[in-house]
Amino acid sequence: MIIVRNLSDILTLFRTLILLPLLVLTLVNFWGSNAWFPAVLAAIFALLDVLDGYAARSLSQESDIGAKMDMFSDSLGAAIIPFVAILMGKLPVYYVSLSL
């Protein structure tokens, strides 16, 4: 069991967890005409990435588990966010090949 004890790891974990509702709500067509909301979540995802890196460095909270969680979260975000945009018709399908 992973125990998260510092601010930067909490931000990374939260950043990872917001991706699942984004994907599920898109798959059930929850957004309807509010197509801007996933873009807001993607912006929050990016902002949290900056904040958790800043917190880790400035508070000297760098850890191996935090680095691995950050890399996993970045990879997951790089896969899910364009996928959501494609499902909503905001990006062409060939964009996936460009993002890989």
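**Helix packing in a predicted model: close-up views**

**View 1. Helix 1 passes helix 4 in a left-handed crossing.** In this predicted model, helix 1 spans residues 7–17 and packs against helix 4 at an angle of about 25°, the two axes lying 9 Å apart. Because angles under 35 degrees count as roughly parallel, helix 1 and helix 4 are described as roughly parallel to each other. On the side of helix 1, the contact is made by Asp9, Thr12, Leu13, Arg15 and Thr16, and these residues meet Ile65, Gly66, Met69, Asp70, Phe72, Ser73, Asp74 and Leu76 of helix 4. By class, the residues of this contact between helix 1 and helix 4 comprise 5 nonpolar, 4 polar and 4 charged.

**View 2. Helix 2 runs alongside helix 4, their axes coming within 10 Å.** Helix 2 (residues 19–27) and helix 4 (residues 64–87) cross at roughly 20°, which makes helix 2 roughly parallel to helix 4. The crossing of helix 2 past helix 4 is left-handed. Helix 2 contributes Leu19, Leu22, Leu23, Thr26 and Leu27 to the contact, while helix 4 contributes Ser73, Leu76, Gly77, Ile80, Ile81, Phe83, Val84 and Leu87. The residues of this contact of helix 2 with helix 4 divide into 10 nonpolar and 3 polar, with no charged residue among them.

**View 3. The axes of helix 1 and helix 2 come within 4 Å.** These two helices cross at roughly 10°, which makes helix 1 roughly parallel to helix 2. Arg15, Thr16 and Leu17 of helix 1 are in contact with Leu19, Leu20 and Pro21 of helix 2. The residues joining helix 1 to helix 2 divide into 4 nonpolar, 1 polar and 1 charged.

**View 4. The charged end of Arg15 sits over the ring of Phe45.** The distance from the charged end of arginine 15 to the centre of the phenylalanine 45 ring is 5.1 Å. As for pairing between aromatic rings, for which centres must lie within 6.5 Å, the count for the model comes to 0 aromatic pairs.

Technical notes. Residues numbered from 1 in each chain as written. Predicted model: local features only at pLDDT ≥ 70, side-chain atom pairs only at ≥ 80, totals over all residues. Heavy atoms only, no water. Axes fitted to C-alpha atoms, helices over the stretch in contact; angles between N-to-C directions. Parallel < 35°, antiparallel > 145°, perpendicular 65-115°, else oblique. Left-handed = near helix turned anticlockwise from the far one by under 90°. Contact = heavy atoms within 4.5 Å. Nonpolar A, V, L, I, M, F, W, Y, C, P; charged D, E, K, R; others polar. Phe/Tyr/Trp six-rings, centres within 6.5 Å; stacked < 30°, edge-to-face > 60°. Lys NZ or Arg CZ within 6 Å of the ring centre and 35° of its normal.
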